[in-house]
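Please keep the sequence and the model in view while reading.

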Amino acid sequence: MFNYFGCKYDYSIPAVNVCVCVCVYNMCVVFRSTLMLIGKDFRFGGRVRSGVVRPLACLFTGLSNMAKSKFEYVRNFETDDTCLRNCYIVVRLDGRNFHKFAEQHKFTKPNDNRALGLMTRSARSVMEELEDIVIAYGQSDEFSFVFKRTSTWFKRRASKLMTHVTSQFSSSYVFYWKEFFGEQPLLYPPGFDGRVVLYPSNHNLRDYLSWRQADLFWTLVQKGGLTTVQAEDRLKGTLAADKNEILFSEFDINYNTEPALHRKGTTLIWEKRDETVLKRMKLPSGEEKDVAATRSRRRVEAHHCDIIGERFWEDHPNVLEDDNC
Ligand code: GTP
Ligand code: MG
């Protein structure tokens, strides 16, 4: 692009754009002032003044104001939503009105493995696309994503983190629908709500994740036909092992034979796995040959296990950061 004087502009350089804006602004101011002087010195007839001079003056007044952006002050209405330093940032999303969505899409009761698989696939896409998520846990129509406590992604702005997670998850849910439901059509666009919660210690974060996993137990109890209040009343004071026994004998649920996916939900973490790939190598003789090469790659791996006890955390000591950060 060339200007009046034949110089070449490169509009991809921000400084050039700023200079151009300043020049346009100054030209507008000068043009407007000149018009006003002309209007004063030469006493144009009423028609020329109202039909030409005034509209032109207005146009340049508007342009000069826009260039200066008198509207810029509205930026000050934005509130600061930076998440507190050193805290784990948890984004939990939940399917909107999935009671109806499950019915309309004929989800099998009580658990639909296609639906659970699609939730996990979408969560995997969130972890692979967004930075700094160290662990994610999901069950039913919800998923929680934990950002590492020292993350500086998007300057730790809660709204940015939450909306990125929720929109990436929602678009993935639609994108991968066919992979799990085949020819069964998606009848309408599903939605997910999101929230951000901060946890200042490893202890609090583990309690949070335990709370979400324990929720699955109560969902199973409800499927046995009792309300949560009735079930809590009946199971009050019993030990974990007894709870399973009561579930089995009284509510006709064999908790231990339910698949781990239904009992424990899905935990996603990053793990290093050795991968063997075939590489085409040229030998000194000039001949080409496929040679097996092993390399270590980080991958998102799914687990359907207990995350309330110590075992999982002992087996994966790198998921959580030190409390002394
Ligand atoms: P809001 O989240 O408040 O918008 O309502 P919701 O209808 O989504 O309820 P909630 O999130 O509390 O519960 C999730 C609901 O999704 C369950 O109550 C079930 O009705 C449905 N759901 C989730 N997973 C499955 C599944 O695998 N099979 C079936 N049949 N239903 C499921
Ligand atoms: Mg829901």
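Ring pairs join Phe98, Phe101, Phe107, Phe143, Phe145, Phe169, Tyr173, Trp177, Phe181, Tyr188 and Phe192 into a cluster, where rings of Phe, Tyr and Trp (its six-membered ring) count as a pair if their centres lie within 6.5 Å, and are called stacked if the planes are under 30 degrees apart, edge-to-face if over 60, and tilted for the rest. This is a predicted model, in which local features need pLDDT of at least 70 and side-chain atom pairs count only at pLDDT 80 or more, while totals for chains, interfaces and linings use all residues. Residues are numbered from 1 along each chain as its sequence is written, chains are lettered from A and ligands numbered from 1 in the order in which they are written, and side-chain values use heavy atoms, with hydrogens and water left out.

A search of the whole structure finds 22 aromatic pairs. Among them, Phe101 and Trp177 form an edge-to-face pair, at 6.1 Å centre to centre and with 80° between the planes. Because Phe101 lies in helix α3 (residues 98-104) and Trp177 in helix α6 (residues 177-181), this pair ties together parts that are 76 residues apart in sequence; helices (H or I, at least four residues) and strands (E, at least two) are DSSP runs, numbered from the N terminus. Phe101 is buried, with a relative accessible area of 1%, and Trp177 is buried at 4%, where buried means under 20% relative accessible area, exposed over 50% and partly exposed in between (1.4 Å probe, protein chains only).

Trp177 also pairs with Phe181: the ring centres are 4.0 Å apart and the planes are at 5°, so this pair is stacked. The two residues, Trp177 and Phe181, are four residues apart in helix α6 and thus separated by about one helical turn, and Phe181, at 5% relative accessibility, counts as buried.

Gly95 lies in strand β1 (residues 88-95) and Asp141 in the loop between β2 (133-139) and β3 (142-147), so the pair ties together parts that are 46 residues apart in sequence. Both Gly95 and Asp141 are buried.
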